[in-house]
Each structure stands twice: as structure tokens, then as C-alpha cells.
Amino acid sequence: MDLEKHPQQPAAPAPPAPAGIRASDADRDRIADILREAMAEGRLTVEEHAERVDAVYRAKTVGELEPLVRDLPTPGGSTRPASTTPYAHGPEAPAGPADNLVAIFSSSTRKGRWRVGGRTNAFALFGSVEIDLTEALFSQRLTVINATSIFGSVEIKVPENISLRGSGTGVFGNFEVLTLESADPEAPVIVVNGYSVFGNVEAKPKRGKLITDLHNQLRKHLGH
């Protein structure tokens with residue numbers, strides 16, 4: 001057979017992931033970003049957005065996620081272009097599963113001596129979320145916290161000798177991150193992103209709280 005007379009056909013695009021496949025944190029973050037864009041543009045009410053975001057973080061499979069945005073345009077369509085990174089500062093987002101703290105007409109607290117993951121999603125709807133990192137163990141340099149508050153509050157407390165950065169929006173609410181830059185180049189970096197609607201998101205250092213033996217702690221957990 002003369003191959004020159006039969007040019008190679010272009011490869012078919014990869015099929016979408018089966019609906020029954022387990023949803024990853026990246027899948028959930030992608031859907032949450034679309035919902036956030038839709039609410040900002042007035043396509044969803046605050047109540048509709050809250051209901052769908054709650055369903056996002058409860059979803060177990062890709063098939064449960066897709067119906068939540070079936071009636072919405074995807075980023076890159078008629079909506080504003082999506083951000084190329086999930087946060088405003090720092091290197092790439094940490095890999096691995098995210099911790100989810102959800103408070104709906106309730107409260108959720110994480111404090112004391114606990115190991116901080118690379119990513120945490122905090123969602124408060126008519127409730128409050130408190131994240132206290134002043135006694136926590138940091139297993140990585142970068143920690144990203146995605147905070148959403150709707151008629152509620154998300155409060156984040158950090159040690160005084162780390163770096164704290166953030167980017168967010170308050171819609172008839174408050175979003176405040178007190179920027180810190182540690183003098184130690186090896187200090188953990190905490191990035192807080194998100195928004196509040198008729199609510200409050202606040203991240204600031206707790207006076208007098210420091211990470212002790214910072215270098216040894218990081219070397220131990222990073223394997224140096």
C-alpha cells in the first residue's frame with residue numbers, strides 16, 4: 001500500500017472523563033470557579049450559589065459535578081476569562097487532597113496542634129469558620145486557603161513569623177488579609193483567597209504567637 005496516497009488522519013480528541021469516575025479536588029475547584037463567575041455576573045443568586053457550592057464539596061463523582069454548571073457558560077465563553085492561577089501570589093498550588101471546612105447555620109473550627117495540608121477550602125453560609133494556625137505543624141512551604149463567606153464569617157489566625165498574603169473581594173461585606181513578609185526566607189507562606197457576600201473574611205497574625213524552631217520543623221517535614 002502506498003502510504004503517501006493516504007495521509008494520516010488527525011487524532012481524535014480525548015473523550016471526557018466518565019461520569020462515574022471519582023471527582024478530584026481539581027475537578028471541584030474548576031466547578032467552584034465557574035459558579036463564582038456566574039454569581040459575580042448575576043447569573044446566580046446568592047442562595048443558588050450557596051446551594052450549588054455546598055453540593056460541589058459533597059460530590060463524590062464527576063457525574064455529580066457537571067449538572068451543577070450545565071446551565072452556565074464556562075470560563076473562556078461569554079464570561080470573563082478565568083485566572084491562570086487559583087491565587088494571586090506564590091508558586092503553583094500545592095498538590096494533594098484539600099481539607100474542607102463547611103459551616104452552614106453552624107460553626108466549624110480547626111485549631112491546636114494539627115498538621116496543615118497544602119490546601120484548605122473554608123465555606124461559611126450563615127455560620128462561622130475559625131482556622132487557627134498558631135500551633136499547627138506545617139508539612140510544606142506553601143499553604144493555600146480558599147475562603148468563602150456568605151452572611152457568615154471566616155477567621156484565620158496565623159503566627160507572627162510567617163509570610164501571609166491574599167487576594168479577595170467583599171460584596172457588601174469585608175475581605176481583609178493583613179500582609180506579612182517574614183524576615184526568614186524559609187518561613188511558611190500562607191495565601192488566602194476568596195470573597196465575602198454580606199459577610200466577613202479576615203486573616204491576621206495572633207500577637208505573641210510564633211513558630212518555634214522553624215528551621216528544624218521544616219527540614220523534618222520536607223525531608224531535608
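This is a predicted model: local features need pLDDT of at least 70, side-chain atom pairs count only at pLDDT 80 or more; totals for chains, interfaces and linings use all residues.
Residues are numbered from 1 along each chain as its sequence is written, and side-chain values use heavy atoms, with hydrogens and water left out.

**The sheet**

Let's start with the strands, which are DSSP runs of E with at least two residues, numbered from the N terminus. Five of them, in the order 2-5-8-12-10, form an open sheet with parallel pairing; two strands pair if DSSP finds at least two bridges between them. At the edges, pairing on one side only, are strand 2 and strand 10. From one strand to the next, the twist averages 10°, an angle between N-to-C directions of lines fitted to C-alpha atoms, on a scale from 0 to 180 degrees.

Strands 8 and 12 pair in the parallel sense over 6 bridges, and Ile156 stands opposite Ala203 in strand 12.

| Strand 2 | 107-110 |
| Strand 10 | 174-177 |

**The cores**

A nonpolar core is a set of buried Ala, Val, Leu, Ile, Met, Phe, Trp, Tyr and Cys residues joined through side-chain atoms within 4.5 Å, where buried means under 20% relative accessible area (1.4 Å probe, protein chains only). The largest has 25 residues, and Ile156 and Leu164 are among those touching the most other members. Strand 8 gives the largest share, 3 residues. A second, separate core of 20 residues includes Ala23 and Leu72.

Notes
Helices (H or I, at least four residues) and strands (E, at least two) are DSSP runs, numbered from the N terminus. Buried means under 20% relative accessible area, exposed over 50%, partly exposed in between (1.4 Å probe, protein chains only).
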